[in-house]
Each structure stands twice: as C-alpha cells, then as structure tokens.
Amino acid sequence: MQEALVVRRETHVPAPPAAVFALLTDPEKILRWMGTEAEVEPRVGGLYLVNVTGARNARGSFREVVPVHRLAYSFGWDGSEVVPPGSSLVEIDLVEQPDGTLLRLTHSGLPSAEQCAGHAEGWAHYLGRLVEAAAGRDPGPDPMHGRTGNE
C-alpha cells in the first residue's frame, strides 16, 4: 500500500469517547452529522450502510469493534466501479483526553490520488459536522446533500 494513498485526519472532539463512539455507531446519532439514512450493525461482520448525501450510499462491513475506543470497517460506494462497496478500509481510534476525545481516522485502500483527495475533503467536512454535533450544536443543513460524487 502506498502511503500517498492514505487519508489521515485527526480532530479534537469536545465530548467523552463514549459519546463520540455513539455518534459513529448509533444510526439516529449518525444522522445528526452525516447522511439521510443509516443502517449500522456495530459488530464484526455487521453491516455499515449510510446514505451520505441522500443520493449516494456508502456500504461495507465492520471488521473491528472495540466499544468506545476503536472501529474499523470496509467502505465503498454502491454503484461505483472505482471505489466499490467494501473496497477500502476506514479505521477510527478514539483517545480519551482531559477535555474530550482525540479522533484519529485512517482511510486506506483508495485507488488513486484523486480519490484520496476527494475522500479527504469529504472526511474533513463530515468530521467538522461531527464535532458540532458532539458539542451539542446543530451543524445545520448539509451542503453536500444531493451530491452523487460525479460532480
């Protein structure tokens, strides 16, 4: 795997790891910051399915679930030949800090620098919205709503 084809993001979330974990694994809480529909089964082999923009489903399965500390799931897009469902890997580590949680995200297995750039932009956007939701604020309407990824 080429290091250049890995998306890495770190962000401070002003909430304890258990609250952040819930925002990543509870379908109702996921929808506070990302997507229009979510069906997740946070157990090894369980489904990860989020209609991210109302027009584009991310699909994969959980590979690792360590409550309040770590998630890993395969990831891809329904109908995509470039990043098909389950073709990449998202790993999220939650590190407790005195004033919240350090969220470390690694997204590997993407096929090109262009896909890495697009996913890096998407993760930056949605992690920003997650921080707002974790702080108890409404992140507002999602400007990505309706995008298909083919823009």
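A residue is called buried when its relative accessible area is under 20%, exposed when this is over 50%, and partly exposed in between, as judged with a 1.4 Å probe on protein chains only. The structure is a predicted model, in which local features need pLDDT of at least 70 and side-chain atom pairs count only at pLDDT 80 or more, while totals for chains, interfaces and linings use all residues. Residues are numbered from 1 along each chain as its sequence is written, and side-chain values use heavy atoms, with hydrogens and water left out.

The structure holds 7 salt bridges, a salt bridge being a side-chain nitrogen of Lys or Arg within 4 Å of a carboxyl oxygen of Asp or Glu. One of them joins Glu10 to Arg104, with the closest N and O atoms 2.8 Å apart. Glu10 belongs to strand β1 (residues 7–13) and Arg104 to strand β7 (residues 100–108), so the pair ties together parts that are 94 residues apart in sequence. Strands (E, at least two residues) and helices (H or I, at least four) are DSSP runs, numbered from the N terminus. Glu10 is exposed, at 54% relative accessibility, whereas Arg104 is partly exposed, at 38%.

Another salt bridge links Glu132 and Arg137, whose closest N and O atoms are 2.8 Å apart. Glu132 is partly exposed at 27%, and Arg137 is partly exposed at 45%. In the salt bridge between Glu41 and Arg43, the closest N and O atoms are 3.4 Å apart. Elsewhere, Glu64, Arg70, Glu91 and Asp93 are linked in a network of salt bridges.

Arg129, in helix α3 (residues 113–134), presents another case. This residue is buried yet has no salt bridge, and the nearest side chain of opposite charge, Asp142, is 4.3 Å away. For such charges, Lys and Arg count as positive and Asp and Glu as negative, while His and the chain ends are not counted. What lies 3.0 Å from a polar atom of the side chain of Arg129? It is the backbone oxygen of Trp33. The backbone oxygen of Gly140 lies 2.9 Å from a polar atom of the Arg129 side chain. Beyond its neighbours within four places in sequence, Arg129 is in contact (heavy atoms within 4.5 Å) with residues including Arg32, Pro139 and Pro143.

Helix α1 (residues 17–25) is largely enclosed by the rest of the structure, because 7 of its 9 residues are buried. Among them are Pro17, Val20, Phe21 and Leu23. Leu23 has a relative accessible area of 4%. Leaving aside neighbours within four places in sequence, Leu23 is in contact with Lys29, Ile30, Arg32, Trp33, Leu130, Ala133 and Ala134. Leu23 and Thr101 are 78 residues apart in sequence and 12 Å apart in space, C-alpha to C-alpha.

A cavity is a set of points, on a 1 Å grid over the protein atoms alone, where a 1.4 Å probe fits but cannot get out, and its lining residues have an atom within 4 Å of a point. The structure holds 1 cavity of 30 Å³ or more, and about 50 Å³ of space lies in the largest cavity. Its lining includes Leu24, Ile30, Trp33, Tyr48 and Trp123.

Conventions: Polar contact = N/O pair within 3.5 Å; in protein donor to acceptor, adjacent residues only side chain to side chain. 1 Å grid on protein atoms, 1.4 Å probe; cavity = no way out; pocket = protein on both sides within 12 Å on 5 of 7 lines; lining within 4 Å. Points joined across faces, edges and corners; volume = space filled by probe spheres on them.
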